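Welcome! This short report walks through a structure that may be new to you, one feature at a time. Please take a look at it first, and then read on.

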Amino acid sequence: MRDPLWRLCEWRLRGSVPAANAVSTIGDLAEDYARVRTVRGKVRAWCWLARETASLARAYRAERSSGTPRRRLALAADLRYAVRRTAAAPATALLCALLLSAGIGLATAMFGVVDSLLLRPAPFAGGDRLVEQGFFRPEPAVMDAWRDSGLFEAVEAGRVASFDDEETGRVWAGAFVTPGVFDMLGVRPLYGGVFLPDDARTGSRDVVIVSETIWRSAFGADPALVGRRLTIDGAVATVVGIMPAAFRFPEPATVAWKPFVPSPVESGPATIFGRVKPGVPRAEVEARTAVIAKQAARLPARYRGTPPLHALGGRDPGAFIRRALWLLLGGVALVFAVLCSNVSGLLIARLFARRREFALCAALGASRARLMRQAAAEHAIIAATGTALGVALAAGLVPAVPEYFLGRTLNPIDVDRRAVAAASILGAAAVFVAGLLPAWLGTRGDPAGAIRGSTHVGTESRAARAGSRALLVAQIALACSLLVGSALLARSFSNLVHADRGLRADGIVRVDLSGLDRAFPTPDAMGLGTDAIEAAAAAWPEIGAVALSREIPPNVRAVGLADSDVRADQYRVNAGFFALYGIPILRGRTFAPNDTEQEAIVGDRLAGLLWPDADPVGQRVVIGNTARRVIGVAGEIILPTVASELDRPEYYTPLGNASRTLFLNLRCRGACPDERAIRSRLAAVHPSIGARLVPSAEIEYLNHLRLPRAVAEVGGVFAIVAVLTAAGGLFSVMTLAVGRRRREFGVRVALGASPAQLRRLVLRDVLGIVMTGGAVGAAGGWVVARGLASFHYGVSADDPVSWLGVLGTIAIAALAAAWRPILQAVRVDPVTLLREE
Amino acid sequence: VAPAPASLGELETLLLLAVLHLAEGRHEAYGSAIRGEIRARTGREIPRGSLYVTLDRLEQKGLLASREGGTSAARGNRPKRVFKVTPAGVRAVRTAVAAVTRMRAGLRGVLGEA
């Protein structure tokens, strides 16, 4: 029926007639309306329709208002009353809201980290459909095959690089990307534009896009940067655009982009990115791309299988980080539980103080359910305030999230919609968890007693007392468990920092040499050339010792041993290496100039693994594909890391003449020459030798400490919050308990009890709670410590220092919290008390 | 022993009687038809809202039962809701009518009836 009034009426009725009967009722009306129209004409039918509709709507509204609305009114009244009560005595409610906000804030921030690292897809258009596959070199053929497969909306490619900006003297983490990448990801530049399709062709235009991050840090947010020419890697490039800081691609650290032409003649790893068409199952994409990779990609002969297809940005951050994150989420859950039980304790006290009011309501006919609903409404206000404050706190905490985590994800770590949703759920859970017991205990009134007006009924009810004590025990136990966990993490971190690495890496500068194959094209020339470099460097005035090597510690390249599942790090070095790094030769000798690849020096650990009972010198071993004779045993190099699989045994072979990549290791006396000086001095040996300083060993070692450090830091914050909260809980519960027992204490004093006896009385109460909490917490701590075992370094779950520290902290915190209540008990003056009666 | 039938209001009695009449004549007893039946027999136009609310209430009391009936183009292909008086409904009507009949006894003269 194409009739505007009819449609309006229908819409009106759908809103007022109960859904079950709406269709038939509207059908009846439609039938009658059609008849009336033919009999009376359009206009009078409209009047009729309006009247009938109004009649229906009015009747159903009247029907409704005799049923449900009363409950709605009651709820509104509950809320209004709750707001009034809360505003009248805001102190406890505010404290509860603050405690909740601490829990919600911590948990929300932690959720933000977990969400951005593990749960959320990459922050780009169609993020959950973006995939990437890494290859050993650019593979244009694979890209074409992807495009022809019909699986993808867009196919692009990129490779990671570092750009040397000669103007600012900085090296930026950059990437070469095909011009379409920005369109595929649906990102727009902050200023300027993106690459044009032609930019990728060599020679057409040398352009660069930079990130807002370096635009601000290195160029002072210069508005004229777009269009300026920079000298990058020795070539002039025009800045065409500035990307927002949140755009981090393809690596979290990338801050500059240059156009990329995937060419099959280039070497070096490159990645292909694709956006899968909607609705294409992931399994199909995986299967088809695996076939394409097999057919079209030029994989190395010894590479079996195909490179894995990843979700873009959703790259697995590694089992270790995943575990660490879930662990921290577990920690935050414990903190949340501590805070909730503290709030619970406060709410019991708050409701108990109002038991007369509740009893009065009960006497006037309010049911227990009604009273509990009243209490729940008040708790809901507290939780809503706590949630709002918690979200604000989380937003404030996010910048403090250890940078380590941000470097593992393309997602920003922020408080987004999902985090706010998580916070709200937590808030609701908190009302339920923290509010249920208080509401149950607090609304159990004794109307007769309360109305008699007994304001100084000695103590709280047995149930309320037991409830608040149990909550306190739980808090102390949880705090104790957290403290044990974080103490062990802190000890592990300290062990990692102070671990003996088996070498002296401080004061050593490492230079990455390039262009050697151009300078010395034949093996003989290479041999002479490297000797010349070494001799030249040794003659520099600042240099104390020189060594050449193809790997530098801490190495992460492992080679498998034949007939064994042992994997070992391979170092190809010359004789000076051991002296330079201070690695002792324990047996045999170091390399001599005429040693070949068949000679090897093994580390102490590998020697022990292979020949536990025999003299390793003179033994033979097949490593990689080469049989080698052991000529010496060197002191073990240790990589202090919680990822114990990275700390492998090692062996050394002579450098040889085939090296195209080489590191020059220099130990300086006093100040070291800088990169420019080294470069110009090496140019004197041969003009095509390039040189770049690589991060010092100290920095490399520190990188391995970042995860344990981040975990220990976050864990420490959790433990501190938990201990402070538990101490606060102890303080408030004891203060209340002493306040309620004032009469008892007064009578005791009147009967001749000494202050020391009173002190003992309260102390016994405190000790009972703390000892029970401590005992339960020790058991919990043991479980936590076992769960953390894989994050421990040189410390075991029963480490006496950690345990003593934890028990000491708990004891001190408990005494500090109980101090004032104890003094209060002693200061009771019986005369004042009697006057109050 | 059957439970005491609910006492009926006037409108309720009229509706139940109308549904019974329609059933006797083998017509579908849905909203518009019931209203038409009452209009035809008494000349009274029951307000639409009261009609449906009362039908709902009678169904809730178990005096009426409804099922989905036929449809037509004029209704925009919306199915009818066809009512039927339950045995409890029949008892309730009988009681209500009997009460009126007994109260009327001996008042013929006053009421001006033949």
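Let us begin with Arg81(B), which is buried, with a relative accessible area of 9%. Here, buried means under 20% relative accessible area, exposed means over 50%, and partly exposed lies in between (1.4 Å probe, protein chains only). Accessible areas come from the Shrake-Rupley method with that 1.4 Å probe, and for residues only the protein chains shown count as cover.

Some notes on reading the model: this is a predicted model, in which local features need pLDDT of at least 70, side-chain atom pairs count only at pLDDT 80 or more, and totals for chains, interfaces and linings use all residues. Residues are numbered from 1 along each chain as its sequence is written, chains are lettered from A and ligands numbered from 1 in the order in which they are written, and side-chain values use heavy atoms, with hydrogens and water left out.

## Salt bridges

Which residue does Arg81(B) meet in a salt bridge? The partner is Glu59(B), and the N to O distance is 2.5 Å. Arg81(B) lies in strand E2 (residues 81-85) of chain B and Glu59(B) in helix H3 (residues 48-61) of chain B, so the pair ties together parts that are 22 residues apart in sequence. Helices (H or I, at least four residues) and strands (E, at least two) are DSSP runs, numbered from the N terminus. While Arg81(B) is buried, Glu59(B) is partly exposed at 27%.

A salt bridge is a side-chain nitrogen of Lys or Arg within 4 Å of a carboxyl oxygen of Asp or Glu. How many salt bridges does a search of the whole structure find? Over all chains, the search finds 41. Among them is the pair of Glu153(A) and Arg129(A), with 3.3 Å from N to O. Glu153(A) belongs to strand E2 (residues 152-165) of chain A and Arg129(A) to the loop between helix H5 (90-119) and strand E1 (130-135) of chain A, so this pair ties together parts that are 24 residues apart in sequence. Glu153(A) is partly exposed at 39% relative accessibility, and Arg129(A) is partly exposed at 23%.

Three of these pairs are set out here.

| Salt bridge | N to O distance |
|---|---|
| Arg81(B) and Glu59(B) | 2.5 Å |
| Glu153(A) and Arg129(A) | 3.3 Å |
| Arg228(A) and Asp222(A) | 3.0 Å |

## Chain B

Stepping back, chain B has five helices and two strands. Along the sequence they follow the pattern α-α-α-β-β-α-α. Chain B has 114 residues, of which 39% count as buried.

One buried residue is Gly89(B), with a relative accessible area of 0%. Gly89(B) sits in helix H4 (residues 87-104) of chain B.

## Cysteines of chain A

A disulfide is a pair of cysteine sulfur atoms within 2.5 Å, and a search of the whole structure finds one over all chains. It joins Cys668(A) to Cys672(A), with 1.9 Å from S to S. The torsion about this S-S bond is about 110°, so the disulfide is right-handed. Cys668(A) is buried at 14% relative accessible area, whereas Cys672(A) is partly exposed at 31%.

Two other cysteines can be looked up as well: Cys9(A) is buried at 6% relative accessibility, and Cys47(A) is partly exposed at 45%.

## Surface patches

Patches are made of residues with over 30% relative accessible area and no salt bridge; like charges are joined within 9 Å, and nonpolar side chains (Val, Leu, Ile, Met, Phe, Trp, Tyr) within 5 Å. Lys and Arg count as positive and Asp and Glu as negative, while His and the chain ends are not counted. The place of a charge is taken as NZ of Lys, CZ of Arg, CG of Asp or CD of Glu.

Arg12(A), Arg58(A), Arg61(A) and Arg64(A) form a positive surface patch. Helix H3 (residues 42-65) of chain A gives the most to this patch, with three residues. Arg12(A) lies in helix H1 (residues 4-16) of chain A and is partly exposed at 37% relative accessibility.

A nonpolar surface patch of about 260 Å² is made by Leu94(A), Leu98(A) and Leu389(A). Leu389(A) is placed in helix H12 (residues 368-397) of chain A and is partly exposed, at 34%.
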